[in-house]
Amino acid sequence: MAAPDADGRVALVTGASGALGAAVARVLDHRGYRLALHYTSGEDRARRVAAELSRPSLLVRTDVADWTATRDMVDRVRAELGGVGVLVNAGAIRRDGLMATQSVDDWTRTISVNLLGTFHTCRAALPDMMRARWGRIINVVSPAGLLGIRGQTAYSAAKAGVLGMTRSLALECGRFGVTVNALSPGLMATALTEELPPETNTTLLARTAFGRMGTPEEVAHGIELLLDADYMTGQVLSIDGGMSIS
């Protein structure tokens, strides 16, 4: 059963204070979802996103690398809004560096937030979906999980791990009416890409068919396909301007 454009379902968006998370939140709001907006930092930005929505929302601040805190966050969402029907894992961090010189703490933190954090949110939200016999989990990944990118061993490893987890979890959840897919944006104007060196930006743009960055809004429209596709699971939807095929 595809998701209806009606009130009543609850969506949790992690990283909602970021450009993509905010765009996803607006799409889900338009579709009639009640929204829990997660953020780790950037409370002012998260509040601005909430102010743009057409219905009341819930702001939740949590470090998703912490299992207990993540479980408590989902419990709060359940108590105040209802059981989670849609989970969009759009939160991410990236701490670049060559493996030979990068600190162990930076490497570990990147894995903890991007990979373990995705596991934590999925694990906490899944029981609601399984009981309802309907759900959508959408994990935002990256071409870095498909392609080798110098200086991003931690980020690439984390996103490749999320891809593997997405496919395996899809097989576990299908009989409950829960689909699990990945959305892979390309280069977008976000806080993460602002940190890239100019030469890296130039190299990545050259890999696209359009020679330009995408926008968070262009990528967020892919959420609608993943909401409505009943027979699509364990897949990667790449909205990256052709970067992953070049």
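As for solvent, Cys122 is buried at 2% relative accessibility, and Cys173 is buried with a relative accessible area of 3%. Here buried means under 20% relative accessible area, exposed means over 50%, and partly exposed is anything in between (1.4 Å probe, protein chains only).

A few ground rules apply to what follows. Since this is a predicted model, local features need pLDDT of at least 70 and side-chain atom pairs count only at pLDDT 80 or more, while totals for chains, interfaces and linings use all residues. Residues are numbered from 1 along each chain as its sequence is written, and side-chain values use heavy atoms, with hydrogens and water left out.

Confidence comes next. The average pLDDT (the predictor's confidence in each residue, from 0 to 100) is 92 for the protein, and 94% of the residues score at least 70. Residues 1-6 are another matter, as pLDDT stays under 50 there. The model has 18 contacts for that stretch beyond four places in sequence, a contact being heavy atoms within 4.5 Å. Where pLDDT is low, the predicted coordinates should not be read in detail.

On to the fold. The 7 strands make an open sheet with parallel pairing, in the order S3-S2-S1-S4-S5-S6-S7. Strands (E, at least two residues) and helices (H or I, at least four) are DSSP runs, numbered from the N terminus, and two strands pair if DSSP finds at least two bridges between them. Strand S3 (57-61) and strand S7 (236-239) sit at the edges with a single partner strand each, so one side of each has no neighbour in the sheet. On average, neighbouring strands are turned by 20° against each other, direction ignored. Axes are lines fitted to C-alpha atoms, for helices over the stretch in contact, and angles run from 0 to 180 degrees between N-to-C directions.

Strand S1 (residues 10-14) runs parallel to strand S2 (residues 34-39), and 4 bridges join them. Within this pair, Val10 stands opposite Arg34 and Ala11 faces Leu35. S2 is mostly covered, with 5 of its 6 residues buried. Helix H3 (residues 67-80) packs on the sheet, where it touches S1, S2, S3 and strand S4 (84-89), and its direction makes about 165° with that of S3.

Further along, S4 and S5 pair in the parallel sense over 4 bridges, with Asn89 opposite Asn139. S5 is largely enclosed by the rest of the structure, because 6 of its 6 residues are buried. Both faces are covered: Gly135, Ile137 and Asn139 are buried on one side, and Arg136, Ile138 and Val140 on the other. Helix H5 (residues 153-173) lies across strand S5 (135-140), strand S6 (178-185) and S7, at about 160° to S6.

Some individual residues deserve a mention. Thr14, in strand S1, is buried at a relative accessible area of 4%. A polar atom of the Thr14 side chain lies 3.0 Å from the backbone nitrogen of Gly91. Beyond four places in sequence, Thr14 touches several residues, including His38, Leu87, Asn89 and Thr121.

Two arginines sit in loops. Arg94, between S4 and H4, is buried at 10% relative accessibility, and its side chain makes a polar contact with that of Asp96 at 2.8 Å. A polar contact is a pair of N or O atoms within 3.5 Å; within protein, one must be able to donate a hydrogen and the other to accept it, and residues adjacent in sequence count only if both atoms are side-chain atoms. Arg133, in the loop between helix H4 (104-132) and S5, is exposed at 52%. Arg133 also has a positive phi of about 60° although it is not a glycine; most residues other than glycine have a negative phi.

Finally, Ser238 in strand S7 is partly exposed, with a relative accessible area of 32%. Leaving aside neighbours within four places in sequence, Ser238 is in contact with Ser184 and Ser244. Ser238 and Val219 are 19 residues apart in sequence, and their C-alpha atoms are 8.9 Å apart in space.
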